[in-house]
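Hi,

Here is the structure I promised to pass on. Have a look at it first, then read my notes below.

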Amino acid sequence: MNDFALWLSQTYPSVLIQTNNAWAIPTIQSIHIAGIGIVLASVFMMDLRILGLAGRDQTLRQTTNRFGPWLMWSLVALLVTGVLMVIGEPVRELVTISFWLKMFLIAVGTLVAAIFLRTLQKHDQRWEDAMTKRLSIKLMAIFTFLVWLAVIVLGRLIAYDHIWGAWSPARRL
Amino acid sequence: MGGMVACPKAVNAVRLAIPHTMDISEVIKSIENTDIASSIRNSLFLFPMLESIHVIGLALVFGTIAIVDLRLLGLASTHRPFRTMATDILKWTWIAFAITFVTGGLMFTTNATVYIHNPVFQAKMALLLLAGVNMGIFELTTGRSSRQWDTSSSPPAAAKTAAIISLTLWIGVIFLGRWIGFTTTRTATKDEAPPQINFEELFPGATEDSTTPAPPPTPNKK
């Protein structure tokens, strides 16, 4: 991975971002954060609806129809800006444990969301009403929200990977 | 130091609130010297954790405000009455804002003098203030008549204008907030040297404050 990061840092797109880093990096990061806002608020609204804490004037289906597509398209936008950040600063991103833990949790969060939204689409209103009463679904809502919070924390920790001590690959460079 | 006589009334008001001999810059300095500020500075974990919670809070602030603004623009949630969703969502916005306020305040204490003189920080505070003013104007004017357009999928032009201003200002706040991290070198005022952050020296320009010129390479303390 170190070799790959070093190779990537010498490619043309990487050099292009590096030479414009005074504005390019903060700009990409800001767009990334705005996207995080849409993702987290979308997950938050759907989870609060499952928990019965918000949006009770709407059915769960109406809520997921409103926020599901925004969640998925924002994740795409985050992927694009995220890839740009990796290209721009390969060593800073790839040679950290925070980055890889974050990628793992993003996979978990996205998979759970996709399966949940797909399952919901396949069933009728009666199934939905019965399901939202189940404790396991409520626990899943809390769990996925915590997963996304951890993703945000790990994203910020990429800049502070040294706090992992010996676990940080940056140490061994 | 007595250089702030341009607005005597304001100065007097502040002097009433704080001990007589203190100047604003001394107040800022004393914030920096509090135990809580120095324990954040000296901790490896606290500042990154505050930043992370700050990002979580601001993500929810921006995301939930965007939901309401998109409704005002008639771009999303159009089937839902505006007033219902505003009361439903905005209470969470305020909780999230309180989180960003507390975490932001704590981060401010660690390097208060530098932040308060940082034009990017000042601009961010100005945009936050403008976002508040924009919200206040909306609440006192168009918001008052919201009963009349509550179920309309396309609210009045004034409401749409307020929504566009709001979205623009909040995106500006995010941008300037991120920019602060590139203009302030936190380590400059650390109480003591950070414990062996070697990879910053190994990869100058590859770490957090990559826009600030990298310090000259120094031999690693083993």
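First, the ground rules. This is a predicted model, so to speak of local features pLDDT has to be at least 70, side-chain atom pairs count only at pLDDT 80 or more, and totals for chains, interfaces and linings use all residues. Residues are numbered from 1 along each chain as its sequence is written, while chains are lettered from A and ligands numbered from 1 in the order in which they are written.

Let's start where the chains meet. On chain A, 33 residues are in contact with 36 residues of chain B (contact means C-beta atoms, placed from the backbone, within 7 Å). The elements of chain A that give two or more residues to that side are helix 3 (21-51), helix 5 (90-94) and helix 8 (135-157); helices are DSSP runs of H or I, at least four residues, strands are runs of E, at least two, and both are numbered from the N terminus. Helix 3 of chain A gives the most, with 14 residues. By class, the side of chain A that touches chain B has 21 nonpolar, seven polar and five charged residues (nonpolar is Ala, Val, Leu, Ile, Met, Phe, Trp, Tyr, Cys and Pro; charged is Asp, Glu, Lys and Arg; the others, Gly among them, are polar).

Next, a helix pair. How do helix 3 and helix 8 of chain A cross? Their axes come within 9 Å and cross at roughly 165 degrees (axes are lines fitted to C-alpha atoms over the stretch in contact, with angles from 0 to 180 degrees between N-to-C directions). That makes helix 3 of chain A roughly antiparallel to helix 8 of chain A, a term for angles over 145 degrees. Residues of helix 3 including V39(A), F44(A) and D47(A) meet residues of helix 8, among them K138(A), F145(A) and W148(A). By class, this contact has twelve nonpolar, one polar and two charged residues.

Then there is L105(A), in helix 6 (residues 97-122) of chain A. L105(A) counts as buried because it has 20 C-beta neighbours inside 10 Å (the cut-off is 20 or more; exposed is 12 or fewer, partly exposed in between). Leaving out residues up to four places away in sequence, L105(A) touches V147(A), A150(A), V151(A) and L154(A). Between L105(A) and V151(A) there are 6.2 Å, C-alpha to C-alpha, although they are 46 residues apart in sequence.

Finally, chain B has ten helices and zero strands. Of its 222 residues, 28% count as buried.

Cheers

How values were computed:
Two residues are in contact if their C-beta atoms, placed from the backbone, lie within 7 Å. Angles under 35 degrees count as roughly parallel, over 145 as roughly antiparallel, 65 to 115 as roughly perpendicular and the rest as oblique.
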